[in-house]
Amino acid sequence: MTSPAAPDPMHAISADTRHTVEDVLEYARRRALYEDVPLDKPMTPRDLERLASGSITPEGIGSRRAIALFENVLAPSCVSTDHPGYLSFIPSAPTKASLAFDVVVSASAIYGGSWMEGSGAVYAENEVLHWLASEFGMPQGSGGVFVQGGTIGNLSALVTARDAARRRAADEGRAAPSRWVVVCSAEAHSSIASAAAVMDVDVATAEVDADGRLHGDAVARVLDEHGDAVFAVVATGGTTNFGIVDDIAGVGAVARERGVWFHVDGAYGLAAMLVERMRPAFAGVGLADSVIVDPHKWLFAPFDACALIYREPALALSAHTQKAEYLDTLTGKPDWNPSDLAIQLTRRARGLPMWFSLATHGTEQYRATIEYGIELARRIADEIEARDGLSLVRDPQLSVVVFRREGWTLADYEAWSDRLLEEQHAFVVPSSHAGEPVLRFAIISPLTTFELLTGILDTLA
Ligand SMILES: *Cc1c(COP(=O)(O)O)cnc(C)c1O
């Protein structure tokens, strides 16, 4: 037996690899500790081609040059989603603890898919999932997995729901319907329609009330129409555009009574349930068969993490466990294998950054930081109402404020938005509601201040 003459230069510990690791961690350290995160902005493909092409070469350009390229060209052409003036879509605001620990997760080469390989990481992730489940009022025995995002969380939950419905139909000697149907409101997130397309099932939308909320009676009417073809009902715990919370208790009661799977999509808003006074708005989440919330949204974790929780995890195992000769050693045991609960196999232990931050800071700090966003939304909504030429489209329920500038067209909004980003002031893109272009502040970061928001409003005068 002879070993290779020289160790692989990419893996061996040498002066070179040591410098690479130190330089990268030093950059990460600086970025994580920026006092003023630059907002930054996109570059055109042409400019990037001019400034950044040619990095992939037979010999390599070396880590110094590659880091410099990232720091000086590539990173500045990515908008910082944790900037306090990033108020579009749903911003991110990872805690310092969570983003630093994300580096540890990368350095640790943990396989988070199975208990056999990742028991410690899986245990810690489960601590977070069980805490969330109990906050949401779900029963003992609930459990789940951190998946990439709300889209995969919703898809995985709906696949489990359909699998359970198929089994039930078979057990009861009923034929499966020619088309399965999922029921949600017109305000439900686009990922529900996307999941339905992937699953090749139909979406039936139930009417919402004047406030955009879905109620049980509207769901009951759709269930009457589609009968046994319905395999799941989805309620939204905080819509993305407005933060509207459906009548979850009412919808859940109807789903329960009809024996249909009840899924709560709380990707953005369910975090608000951690605030005591907000709980009544979310009553009924405990009835859910499955629930999602995205830590990368309002639970201050870095991208990308969605907590997917099932009332009966065994049903998810039946739907999702992959079977193969090379996996028998894992699937033949009663171990808790996160891979088996969603559409995935190999998985990063992506719940660990949140676990570390929650363990470090404790749950109370999370409640307070979420409450800050809700209060700031309320304050700025009042300010908008008080200003001439501005008006609210709807009263904010969570931390999204949607408003209009009287007399402006979409082109006006877009030009204003482009200028705001160009001047590195803030990132606020127009949204629309019922065909009308509108502006929208989505507040997540505790570094977003009232003064920053009024400064933006001043530019609308
Ligand atoms: C953001 C969001 C999703 C999708 O989550 P991703 O993590 O972006 O895939 C689903 N539902 C709601 C209500 C959301 O706000």
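In this predicted model, the axes of helix α2 (residues 45–52) and α3 approach within 11 Å and cross at roughly 150 degrees. Angles over 145 degrees count as roughly antiparallel, and α2 and α3 are therefore roughly antiparallel to each other. The crossing in which α2 passes α3 is right-handed.

Two packed helices are described by the angle between their axes and the distance between the axes. A second pair can be read in these terms. For helix α5 (residues 115–135) and helix α13 (residues 352–361), the axes come within 9 Å, with a crossing angle of roughly 65 degrees. Because the range from 65 to 115 degrees counts as roughly perpendicular, α5 is roughly perpendicular to α13. The crossing of α5 and α13 is left-handed.

The ligand may be considered next. It is surrounded by 14 residues, of which the closest are G150, T151, D265, D294 and K297. By residue class, this shell divides into two nonpolar, nine polar and three charged residues. Helices α6 (150–171) and α10 (295–298) each supply at least two residues of the shell; α6 gives the most, with three residues.

A polar backbone atom of G150 is 2.7 Å from an oxygen atom of the ligand. On the side-chain level, a polar atom of D265 lies 2.7 Å from a nitrogen atom of the ligand, and a polar side-chain atom of H296 lies 3.0 Å from an oxygen atom of the ligand. Taken alone, the ligand exposes 380 Å², and the protein buries 87% of that area.

Two features of the backbone remain. Most residues other than glycine have a negative phi, and most peptide bonds are trans. Against this background, F89 has a positive phi, near 45 degrees, although F89 is not a glycine. F89 is placed in the loop between α3 (63–74) and α4 (96–108), so that the reader can locate F89 by way of α3, the partner of α2 in the roughly antiparallel pair. The other feature is a cis peptide bond, which joins F303 and D304 and has an omega of about -5 degrees. D304 lies in the loop between α10 and β7 (306–310); α10 is also one of the helices that supply at least two residues of the shell around the ligand.

Technical notes
Residues numbered from 1 in each chain as written. Predicted model: local features only at pLDDT ≥ 70, side-chain atom pairs only at ≥ 80, totals over all residues. Heavy atoms only, no water. Near = heavy atom within 4 Å. Polar contact = N/O pair within 3.5 Å; in protein donor to acceptor, adjacent residues only side chain to side chain. Areas by Shrake-Rupley, 256 points an atom, 1.4 Å probe, with all protein chains shown as cover. Helix = DSSP H or I, 4+ residues; strand = E, 2+ residues; numbered from the N terminus. Nonpolar A, V, L, I, M, F, W, Y, C, P; charged D, E, K, R; others polar. Axes fitted to C-alpha atoms, helices over the stretch in contact; angles between N-to-C directions. Parallel < 35°, antiparallel > 145°, perpendicular 65-115°, else oblique. Left-handed = near helix turned anticlockwise from the far one by under 90°.
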